[in-house]
Amino acid sequence: MQFKYRPSEQRGGADHGWLKTFHTFSFASYYDPKYESFGALRVINEDRVAPGTGFPTHPHREAEIFSYIISGQLSHKDTMGNVETMVRGDIQMTSGGTGIAHSEYNDHPSQGVHFLQIWALPNRRGLKPKYFTRHFTDEQKKDKIAHLVAPVGYEGVEEVRECSGLTPIHSPVHFFSSLISPTISLTHKLLPSLNGKPNKLFYVQLVQSSGYNTESAPKDGKGSLIKVTGGGQEATLGEGDGVFITGGKVGEEISIENVGKGVGEVVLFEMDEE
C-alpha cells in the first residue's frame, strides 16, 4: 500500500458567508490537477450552511450524489416530487441519471447545518433518475465501522426509496462511518472487488466536527486524533485531514485508532482500482 496524506488546510474551499465549504477535489473556482478525482469519487465537499439559506434549484445528470448529515437539518426538494428534511445520521442519495433538478436548504431559524456532499461517477450512463434515503444512528457507528452505502447488486442492498439497510449507489463506491472513542482501534478488511481485479483504493477523513477551521488541524491530542495504518504505512489525522491509500489488495487490512482524547467522527471510502 501507498499512503498520501492530505492536510485539511490544503483542501480547496471558500467562505461565502452563508456557506463555508472545503473541497477535497477540484470544484467550482478551486482547481488542482493533482486532486480532480479518486477512482469513481469526484466530489467530497464538507459544507456548513447558515440558517435560512441554501442551494436553490439546480440541475444534475450522470452523477450519483449523496449528502451525509453531521449536524443540523437539511431540506431537500426535487423534480421527482421528493420533499424531505434530513437530520444527523441521514443519507439522501440522488441518482442523477438522465437528469434531475433539486434544491437543498437549511430551513432552521437559528441552527446551521454541517454535512458532507459526495458525488461519484455512475457505472453506466443513461440511468433512470432515482431517489433513496436512509437513517443511521450514532449507536450503529459507536466504536464500529458502519457500512452505510454500497453498490447496487452488493449483498443486502435494496433498491427501494426507504428502508433500514444499506444505501444503494450505481457506482463502485462503498462508504463507511465510525464514531471512534479514545484508545479504540478498529480494523477494516478490503472487500471483494466488483470488477474482479485485486487492487483497491481507500480514502479516510476525520470530519471537522468541533468547528470550522481553515488553519492546520491541532495535533496536541486534546481532541480526536486518528492513526491510520496498513501495509507498513502510517498517517495521523487531525480534524479535516485525510489520507489517500492506493495499492491495497482484496483481503488486506487497514486499521484506524483514536490516539487523541475526544470522540472522532471518521468517514471511509473504498473503491475498485481500474
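**Close-up views of a predicted model**

View 1. Leaving out residues up to four places away in sequence, Ser224 touches Leu206, Leu237, Glu239, Asn258, Gly260, Gly262, Val263 and Gly264. Ser224 itself belongs to the loop that runs between β17 (199-206) and β18 (226-230). With a relative accessible area of 8%, Ser224 counts as buried, because the cut-off for a buried residue is under 20%.

**View 2. The largest nonpolar core and the contacts of Phe175.** This core comprises 29 residues, and Phe66, Phe175 and Phe269 are those with the most contacts inside it. At least two residues of the core come from each of the strands β4 (41-49), β6 (64-71), β9 (90-95), β11 (113-120), β13 (146-151), β15 (173-180), β17 and β22 (264-272). Another core, of 20 residues, lies apart from this one, and includes Phe3, Phe202, Ile226 and Val228. When neighbours within four places in sequence are set aside, Phe175 is in contact with Phe66, Tyr68, Ile91, Ile118, Ala146, His147, Leu148, Val149, Val267, Leu268 and Phe269.

**View 3. An open sheet of seven strands.** The strands follow one another in the order β2-β3-β4-β11-β6-β9-β12, and their pairing is antiparallel. At the edges stand β2 (12-15) and β12 (130-135), each of which pairs on one side only. On average, and with direction ignored, neighbouring strands of this sheet are turned by 15° against each other. The antiparallel strands β9 and β12 are joined by six bridges, and Met93 stands opposite Phe132 of β12.

**View 4. Trp119 and its partners.** Trp119 is placed in strand β11, and, apart from neighbours within four places in sequence, it is in contact with Phe27, Ala40, Leu41, Arg42, Val43, His60, Glu64 and Ile65. The side chain of Trp119 also makes a polar contact, at 2.9 Å, with the side chain of Gln117. Between Trp119 and Val173 there are 10 Å in space, C-alpha to C-alpha, although the two residues are 54 residues apart in sequence.

**View 5. The salt bridge between Asp138 and Arg88.** The structure holds 13 salt bridges, and in this one the side chains of Asp138 and Arg88 meet at 3.1 Å, N to O. The pair links distant parts of the chain, 50 residues apart, since Asp138 sits in helix α1 (residues 138-141) and Arg88 in the loop between β8 (83-87) and β9. Asp138 is partly exposed, at 36% relative accessibility, and Arg88 is likewise partly exposed, with a relative accessible area of 27%.

**View 6. The salt bridge between Lys20 and Asp15.** Here the closest N and O atoms of Lys20 and Asp15 are 3.8 Å apart. Lys20 has a relative accessible area of 26% and is partly exposed, while Asp15, at 48% relative accessibility, also counts as partly exposed.

**View 7. A network of salt bridges around Arg161 and Glu162.** The side chains of Arg161 and Glu162 meet in a salt bridge of 3.6 Å, N to O. Arg161 counts as partly exposed, at 33% relative accessibility, whereas Glu162, with a relative accessible area of 53%, is exposed. Through salt bridges that share partners, Glu84, Arg161 and Glu162 are joined into one network.

Technical notes. Residues are numbered from 1 along each chain as its sequence is written. This is a predicted model: local features need pLDDT of at least 70, side-chain atom pairs count only at pLDDT 80 or more; totals for chains, interfaces and linings use all residues. Side-chain values use heavy atoms; hydrogens and water are left out. Helices (H or I, at least four residues) and strands (E, at least two) are DSSP runs, numbered from the N terminus. Buried means under 20% relative accessible area, exposed over 50%, partly exposed in between (1.4 Å probe, protein chains only). Contact means heavy atoms within 4.5 Å. A nonpolar core is a set of buried Ala, Val, Leu, Ile, Met, Phe, Trp, Tyr and Cys residues joined through side-chain atoms within 4.5 Å. Two strands pair if DSSP finds at least two bridges between them. Axes are lines fitted to C-alpha atoms, for helices over the stretch in contact, and angles run from 0 to 180 degrees between N-to-C directions. A polar contact is a pair of N or O atoms within 3.5 Å; within protein, one must be able to donate a hydrogen and the other to accept it, and residues adjacent in sequence count only if both atoms are side-chain atoms. A salt bridge is a side-chain nitrogen of Lys or Arg within 4 Å of a carboxyl oxygen of Asp or Glu.
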